Amino acid sequence: MTDLEFKFLSKASLTPELQDESDRLDRLAFAGPGTEMVPEFAGMRWSAPDWMGLGFLRDALVTQVFLPVREICVGGQTLRVAGVGGMATHPDHQHQGYGSALLKATEDFMRAELQVPFGLLICADATRPFYERAGWQAVADALTHEQDGRRQVLKTCVMVLPLTSREWLSGEIDLCGLPW
Ligand SMILES: CC(C)(COP(=O)(O)OP(=O)(O)OC[C@H]1O[C@@H](n2cnc3c(N)ncnc32)[C@H](O)[C@@H]1OP(=O)(O)O)[C@@H](O)C(=O)NCCC(=O)NCCS
């Protein structure tokens, strides 16, 4: 575990080679067993990230997460959050704690660098315990987002990670754009 090296890079700063490596990891991880398409996510268009959290083992990318930063609307109030999406560990390296280690490093990055009060993610029920172990809390079972410019309700587990002493707001969650 200790030999995992983390980098947080803006999406725009990724070299074409690193972008290719990231695309390959994304395809491999999401094609693996246990990731059968969640019906609610079928055909979904996803938001591009602003930042990428990357974990390298001896210079090879083994785990990654996409981090969009967005002003969303919760209970009618505007709130800036860091999204966590596309969490993926290379199938050859899963179940070794790398994903959890990257999530922890991502928490530190969101708090210190992005300086947002909350992280927010959506996930399938199967992966909810993975995030709960890292301190994320389920706050809703649906949210509003946009697809092709139209607002839609998505029924899914919505989890947040408080990064300050601020409490989560009550009310409808509107991502005000594409989901992540
Ligand atoms: C989810 C994922 C990123 C975890 O990465 P990882 O490096 O293996 O994570 P860790 O080793 O820190 O933790 C693994 C734990 O997560 C949980 N977990 C991960 N995927 C799970 C799944 N599909 N179903 C149930 N539990 C799961 C298990 O509790 C597992 O514990 P175990 O190793 O004792 O079995 C990795 O399994 C992956 O890339 N999956 C495919 C893509 C995906 O589904 N991403 C999540 C999108 S919300």
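Strands β3 and β6 run antiparallel and are joined by 3 bridges; strands here, like helices, are DSSP runs numbered from the N terminus (E, at least two residues, for strands; H or I, at least four, for helices). Welcome to a predicted model, in which local features need pLDDT of at least 70, side-chain atom pairs count only at pLDDT 80 or more, and totals for chains, interfaces and linings use all residues. Residues are numbered from 1 along each chain as its sequence is written.

**The sheet**

- The open sheet has 4 strands in the order β1-β2-β3-β6, with antiparallel pairing; two strands pair if DSSP finds at least two bridges between them.
- β1 (4-10) and β6 each have a single partner strand and stand at the edges, so one side of each lacks a neighbour in the sheet.
- From one strand to the next, the twist averages 20°.
- Between β2 (residues 51-57) and β3 (residues 60-67) there are 7 bridges, again in the antiparallel sense.
- Leu54 stands opposite Gln64 in β3, and Phe66 has Gly85 of β6 as its bridge partner.

**Strand β6 and Ala88**

- β6 is largely enclosed by the rest of the structure, because 4 of its 5 residues are buried; here a residue is buried with 20 or more other C-beta atoms within 10 Å of its own, exposed with 12 or fewer, and partly exposed in between, the C-beta atoms being placed from the backbone.
- Ala88 sits in strand β6 and is buried, with 24 other C-beta atoms within 10 Å.
- Leaving aside neighbours within four places in sequence, Ala88 is in contact with Leu25, Asp26, Ala29, Phe30, Thr63 and Gln64; contact means C-beta atoms, placed from the backbone, within 7 Å.
- Ala88 and Ile173 are 85 residues apart along the chain, and their C-alpha atoms are separated by 25 Å.

**Helices across the sheet**

- α1 lies across β2, β3 and β6 and runs at about 80° to β6; such angles run from 0 to 180 degrees between N-to-C directions, with axes fitted to C-alpha atoms, for helices over the stretch in contact.
- α2 lies across β1, β2, β3 and β6, at about 140° to β2.
- Gly99, Leu102, Leu103, Ala105, Thr106 and Met110 are the buried residues of α2, and they pack against β1, β2, β3, β5 (77-83), β6 and β7.
- Tyr98, in helix α2, is partly exposed, with 18 other C-beta atoms within 10 Å.
- Not counting residues up to four places away in sequence, Tyr98 touches Leu4, Gly55, Val62, Thr63, Thr89 and His93.
- After α2 comes Gln115, whose phi is positive, near 50°.

**The ligand shell**

- Among the 21 residues around the ligand, Thr89, Gln94, His95, Gly99 and Ser100 come nearest; a residue is near a molecule if its C-beta atom, placed from the backbone, lies within 6 Å of it.
- At least two shell residues come from each of α1 (16-30), β6 (85-89), α2 (98-114) and α3 (128-132).
- The shell holds 9 nonpolar, 12 polar and no charged residues, where Ala, Val, Leu, Ile, Met, Phe, Trp, Tyr, Cys and Pro count as nonpolar, Asp, Glu, Lys and Arg as charged, and the others, Gly among them, as polar.

**The nonpolar core**

- In the largest nonpolar core, of 33 residues, Val65, Leu67, Val84, Leu121, Trp136, Met159 and Val160 touch the most other members; a core is a set of buried Ala, Val, Leu, Ile, Met, Phe, Trp, Tyr and Cys residues joined through C-beta atoms within 7 Å.
- Strand β7 (residues 118-123) gives the most to this core, with 5 residues.

Key: Two residues are in contact if their C-beta atoms, placed from the backbone, lie within 7 Å.
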